[in-house]
Amino acid sequence: MTSLQRKIIHVDCDCFYAAVEMRDDPALRNLPLAIGGQGGRGVVATCNYQARAFGVHSAMPVSEARRLCPGLVMVPPDMNRYRMASREVMGILRELTDLVEPLSLDEAFLDVSEVTEHRGSATLMARFLRRKIRDQVGITVSAGVAPNKFLAKIASDWEKPDGLFVIRPGDVDAFVRQLPVNKLFGVGRVTAAKLADLGVSHCADLQKLTLAQLVERFGKHGARLYDMARGIDERPVVVSRIAKSVSVERTFSRDLPGKNACVSVLPSLVADLERRLKRKQADKPIHKLFIKIRYSDFSTHTLERMRDQRNLPEPEDFLPLLDELITREDRPVRLLGLGVRFRNDSAPVTQLRLFD
Ligand code: DCP
Ligand code: MG
């Protein structure tokens, strides 16, 4: 019997740090741009796709990057802004399903096998997520859809940047056979060279080796190679996250003209927050309230204040935060968000580990 067909989406932001910088300073958009350098180890953390055309890439010494691309613009990293963008991306993914496994700030797996929205189509879900992240966070992501993690991750890279690639169950074998072995997880230069000695360059060649041959040659990793060559990967999407906060946010189809308009949408945002709190067994003591605002130029500000209370928050509870955060009354607002943080010591561990 075959196991139930899963639907996995892998999402990976395009040139993540650089994308956040280009979003916040559109003048950088049309220039070759790298993040890193100053203060760091003098290497490129990432660069935009214009810079990649010159051969610049992550982990390259800045001096070499400048030699390859004399017009390169270097910007020092600002992790706080990247973390905030990451939280927003992950928040959008988690609105679709709780089964989200982040791998780093800019990528995550989703198991959407049980999601019924979007007609249950993982392809439509991936399109929806890509559009929503572009509109709300202001950066592009690439996505891969496949029956397992290994293939979904390869798929998200296939049409990068700003792309979507789908591997349907019936296409797995043909797709895998033409795949160069260096695309496989764990196959670096050394393993690739060993495989080349065996006459293996693509998974079609790899399929000709027996499990015993691969284990003898590569140890434990041999069994993984055997499976991957056949597009098999049973690893579950693992969720291990302690709910430390619950929040809601809204990007307005037309910018709100200023503070008064923000005050008038507070009640409906608070109502959304309450619904989420009730859904998430969140009768834990609330420790802090926070709000977030994004102006039309994408500059984003947050503020949080202590407020120990057990009962659900009311719109009036957020007014003082709004007052403190908005210093210019008439600045157009693109997004407004609010939320609550729970006390650390009371946070229950909501962990779903299928197996390690
Ligand atoms: N990063 C880093 N040092 C590296 C690799 C990555 O600091 N050697 C950081 C910067 C990247 C972020 O991690 O923006 C995400 O890494 P990715 O490998 O996903 O690379 P990018 O998102 O930048 O580009 P891509 O469009 O290829 O995903
Ligand atoms: Mg990325």
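The legends below describe close-up views of a predicted model. Residues are numbered from 1 along each chain as its sequence is written, and chains are lettered from A and ligands numbered from 1 in the order in which they are written. Local features need pLDDT of at least 70, side-chain atom pairs count only at pLDDT 80 or more, and totals for chains, interfaces and linings use all residues, while side-chain values use heavy atoms, with hydrogens and water left out.

**View 1. Domains of the chain.** The domain assignment (bounds from an automatic or database assignment) gives domain 1 as 8-15 + 80-171, domain 2 as 18-77, domain 3 as 173-228 and domain 4 as 245-342. Between the C-alpha centres of domain 2 and domain 3 there are 34 Å.

**View 2. The open sheet of five strands.** The strand order is β5-β6-β1-β7-β8, with mixed pairing. Strands are DSSP runs of E with at least two residues, helices are runs of H or I with at least four, and both are numbered from the N terminus; two strands pair if DSSP finds at least two bridges between them. β5 and β8 (164-166) are the edge strands, each pairing on one side only. Neighbouring strands are turned by 15° against each other on average, direction ignored. β5 and β6 run antiparallel and are joined by four bridges. Ser-104 stands opposite Glu-107 in β6.

View 3. β2 (residues 33-36) and β3 run antiparallel, with three bridges joining them. Val-44 in β3 is the bridge partner of Gly-36.

**View 4. The second largest pocket.** Its volume is about 630 Å³, taken as the space filled by probe spheres set on grid points joined across faces, edges and corners. A pocket is an open set of points on a 1 Å grid over the protein atoms alone, where a 1.4 Å probe fits, with protein on both sides within 12 Å along at least five of seven lines; lining residues have an atom within 4 Å of a point. Of the 31 lining residues, His-10, Asp-12, Glu-107, Lys-153 and Asp-157 are the closest to the centre. Elements giving two or more residues include β1 (8-13), α2 (49-52) and β6 (107-111). The largest share, seven residues, comes from α6. The lining divides into 14 nonpolar, six polar and eleven charged residues; Ala, Val, Leu, Ile, Met, Phe, Trp, Tyr, Cys and Pro count as nonpolar, Asp, Glu, Lys and Arg as charged, and the others, Gly among them, as polar.

**View 5. Backbone details in two loops.** The peptide bond from Lys-160 to Pro-161 is cis, with omega near -5°. Pro-161 lies in the loop between α6 and β8. Ala-59, although not a glycine, has a positive phi of about 75°. The loop that holds Ala-59 is the one between α2 and α3 (62-68).

Technical notes. Axes fitted to C-alpha atoms, helices over the stretch in contact; angles between N-to-C directions.
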